[in-house]
Structures are given as C-alpha cells and as structure tokens.
Amino acid sequence: MPTETLIIMLVGLLVSTFGTVVGFGGGVFMVPILILFFHFPIELAIGSTMSAMFPASLIATFFNYREKNIDYLVASLVQFPAMAGTVAGAFLVVFLPVVELQFIFAFFVIIISFLILGAPKDKPVVNRKSGVMYRVTHLPTSFIRKNHHKHLAYRINGGVVALFGLVTGTVAGLFGIGGGFLQTPAMIKVFNMPARIATSTSLFILTVTSFTGLCTHFWLGHVDWLKSVPLMTAFAIGAALGQYFKRDDVNLPAIDLLIGIGLFLAGMALIINIIIKAGVLFNFTF
C-alpha cells in the first residue's frame with residue numbers, strides 16, 4: 001500500500017475519532033486536509049469525504065441505537081426543515097455575496113469557540129424561572145422529552161428546533177458545508193440537551209445527509225473508489241474508536257472543551273475552504 005494512502009488513513013482515523021466524540025462527523029476538517037496536503041481536486045475531496053462519512057455515521061448510529069442515546073423526534077425536527085433550507089440556500093447563492101458572508105460566518109464560529117473555551121468550568125447551577133430560554137422552552141410548542149433508559153428528561157421547543165434546522169440547512173446550502181458542527185453545540189448549549197443524546201442524535205442526522213451526499217457525488221462522478229475505500233475504512237474504525245471513548249467508564253476531557261476546540265478547527269477549516277475556492281492556495285506545494 002502506498003505511503004500516502006497510509007497517511008491518509010491515519011489522518012482519517014484521527015479525524016473520524018474526534019468527529020464521533022463531539023458529534024461533528026469530521027467532514028468539515030477532512031475536505032481541506034485532502035486538498036491542501038494530498039492535492040485532491042475539490043470535487044474528489046468532497047466526494048471521498050462523503051463516502052467515508054456514511055459508513056462511519058452508520059457504525060456510530062448502530063452503537064448509539066443499542067445504547068438508546070438517539071432522540072429520533074429531535075432528529076426529525078432538525079432534518080426535514082434542514083433539507084428545505086439546503087434547497088433555499090442553494091438558490092440564495094445567486095443573490096447574496098457568498099464569499100463575504102462565509103468569512104463573517106467563519107469568524108463568528110471562531111468567536112463562539114473562544115466563548116465556550118473561556119466559559120467558567122465550575123459555574124454554579126441556578127434554577128431560574130425567567131429569561132429568554134425559559135420563556136422559549138415554555139411556549140405552546142414546547143414539550144418534555146424523556147429517555148427512560150438513561151433516566152434523563154429535558155424540555156425543548158419543537159418550533160424553535162425546526163427553525164434551527166431550517167437555518168442550518170440554509171447555511172449548508174449557501175456555503176456548501178455540512179451543518180453537523182453547528183447542530184451539536186446548539187443542542188447542548190441552546191436546547192440544553194444532555195451531551196450524550198445531542199452528539200448521538202447529530203450523528204444519526206449525519207447518516208441521512210451523508211448517504212444523500214454520497215449518492216449525489218457518485219452520480220456526478222466525484223467518487224473514486226480507489227481513493228475512497230481506504231478513507232472509508234479509516235473513518236469506520238475511527239467511528240468505533242470514538243464510540244469507545246464516549247463510554248461512561250472512559251475519562252475524557254469535558255465535552256465543552258472538545259466542542260470548543262472542534263468549533264475553532266471548523267472555523268479555521270471554513271476560512272481555508274474559502275481561500276481554496278478562490279484559487280489562492282493552488283500555487284503552493286506541500
């Protein structure tokens with residue numbers, strides 16, 4: 001096996017393991033890596049990453065299904081509006097200054113990552129019955145979700161979750177990126193879902209979106225199986241490792257720390273993607 005393929009597999013293994021732990025999937029990191037360091041054409045990099053994310057998310061979803069960690073209702077409330085938003089975003093590309101907006105969005109993601117990383121770790125828990133989020137979660141479209149297997153309960157607003165799905169889908173369609181790195185932090189920080197449920201639900205959503213993306217890019221001829229299969233293998237193993245590290249008896253850093261790091265890396269990856277699409281980095285060799 002060529003040395004380059006082994007390196008790609010090792011990188012894919014690390015990206016997939018981290019992406020599974022934080023619920024991002026890893027696609028937002030892998031695409032610029034393949035383009036910058038392994039000289040993949042943009043279309044082939046996206047197609048290879050999509051083909052790798054599908055088996056990885058499928059494996060993660062299988063384990064999460066067995067452990068009863070997936071909230072299928074929340075997944076549906078996010079996924080179906082996101083599909084409509086993706087179409088809307090694709091049409092908005094014609095009317096909006098996409099490059100400028102993507103730069104602003106990338107810096108916004110980086111700022112959010114700093115806010116998460118800089119938040120007090122031992123903040124006292126206050127049981128407040130006021131504030132915006134309290135009022136939002138008690139609107140008529142709100143309801144309590146119970147996970148009896150894990151002895152968990154949390155209140156969400158179905159209308160707000162659906163609106164969030166629409167927004168993430170629009171962002172995905174507008175900028176040509178996946179929305180997984182937005183969904184997990186929002187589920188935890190905004191909707192107050194338990195971290196284990198949020199990451200597992202996000203990976204379940206990724207199963208649907210990655211399969212759709214794989215079919216689309218295969219039809220467009222963007223999938224080279226000789227390049228994709230090693231990456232698919234690495235991502236699949238990484239997903240299994242990520243699920244192992246998510247176990248209760250494994251001591252991981254706080255999920256806030258990992259998500260903050262993930263958002264920072266995602267923001268940097270977005271900026272690199274913009275530069276790549278503009279053709280600035282193609283004259284560099286690594």
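Among contacts in the chain between residues at least 6 apart in sequence, what percentage join residues at least 24 apart? In this predicted model, the figure is 77%.

The chain contains eleven helices and two strands. Their order along the sequence is α-α-α-α-α-α-β-β-α-α-α-α-α. The chain has 286 residues, and 47% of them count as buried. Its accessible surface is about 14600 Å². Carbon and sulfur atoms account for 72% of that area.

Leaving aside residues up to four places away in sequence, T170 touches G85, T86, G89 and L92. The distance from T170 to F91 was also computed. These two residues are 79 positions apart along the chain.

The average pLDDT of the chain is 81. A score of at least 70 is reached by 84% of the residues. Among the elements, helix α10 has the highest mean pLDDT, at 92. This helix covers residues 225-245. The lowest mean, 58, belongs to helix α6, which covers residues 132-136. Residues 281-286 form a stretch where pLDDT stays under 50. For this stretch, the model has eleven contacts beyond four places in sequence.

Methods
Residues numbered from 1 in each chain as written. Predicted model: local features only at pLDDT ≥ 70, side-chain atom pairs only at ≥ 80, totals over all residues. Heavy atoms only, no water. Helix = DSSP H or I, 4+ residues; strand = E, 2+ residues; numbered from the N terminus. Buried < 20%, exposed > 50% of the residue type's maximum accessible area, 1.4 Å probe, protein only. Contact = heavy atoms within 4.5 Å. Areas by Shrake-Rupley, 256 points an atom, 1.4 Å probe, with all protein chains shown as cover. pLDDT = per-residue confidence, 0-100.
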